[in-house]
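User: Could you take a close look at the aromatic pairing in this one and walk me through what sits around it?

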Amino acid sequence: MNPPTPYHHHARLKGIGVDCAQILIGVFEACGVVANVDPGNYAHDWHLHHSEELYANHLDLYGVRTTEPQAGDVALYKFGRTYSHGAIVVNNNLDVIHSYIGRGVILSRPHEDPLDGRPVLYWSINKVGE
């Protein structure tokens, strides 16, 4: 088994490095769900110093919020002042795949570290052209 892709801020290279926003973009682009997403430049510590929901606002452009998440939906967890950590739901237990600083790309259960107790919002992403 290959080691996980390491966490690397603002990177999107499988096996080399990815962050929690870029993994979502890479997966959804590769699956043909979205095309050419450019999140622009973003600071790795935005969530510690600002209250504007940049990540959530960006997701609103590509999907709709849902209270009944399913596999393939996006989970956005609150860290610091904002919902600032993205992941992809992989099953009905709400396990997620995400890239986490110091751990790289990992599969996490919602009630285990590092996500345990964090508020979470969900989005269903619209396929291009829908």
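Analyst: Here's a tour of the ring pair and its surroundings. Heads up that this is a predicted model, where local features need pLDDT of at least 70, side-chain atom pairs count only at pLDDT 80 or more, and totals for chains, interfaces and linings use all residues. Residues are numbered from 1 along each chain as its sequence is written, and side-chain values use heavy atoms, with hydrogens and water left out.

The structure holds one aromatic pair (ring centres of Phe, Tyr or the six-membered ring of Trp within 6.5 Å; planes under 30 degrees apart are stacked, over 60 edge-to-face, the rest tilted). The partners are Phe79 and Tyr100, and with centres 6.1 Å apart and planes at 50 degrees, the pair is tilted. Phe79 belongs to strand β4 (residues 74–79) and Tyr100 to strand β6 (residues 96–100), so the pair ties together parts 21 residues apart in sequence; strands here are DSSP runs of E, at least two residues, numbered from the N terminus.

Phe79 is buried at 11% relative accessibility, and Tyr100 is buried too, at 17% (buried is under 20% relative accessible area, with a 1.4 Å probe and protein chains only). Arg118 lies over the face of Phe79, 3.7 Å from the ring centre (the cut-offs are CZ of Arg within 6 Å of that centre and within 35 degrees of the ring normal).

Then there's Ser84, in strand β5 (residues 82–89) and buried, with a relative accessible area of 17%. A polar atom of the Ser84 side chain lies 3.1 Å from the backbone oxygen of Phe79. Leaving out residues up to four places away in sequence, Ser84 touches several residues, including Cys20, His47, Tyr55 and Phe79 (contact means heavy atoms within 4.5 Å).

How values were computed
Helix = DSSP H or I, 4+ residues; strand = E, 2+ residues; numbered from the N terminus. Buried < 20%, exposed > 50% of the residue type's maximum accessible area, 1.4 Å probe, protein only. Polar contact = N/O pair within 3.5 Å; in protein donor to acceptor, adjacent residues only side chain to side chain.
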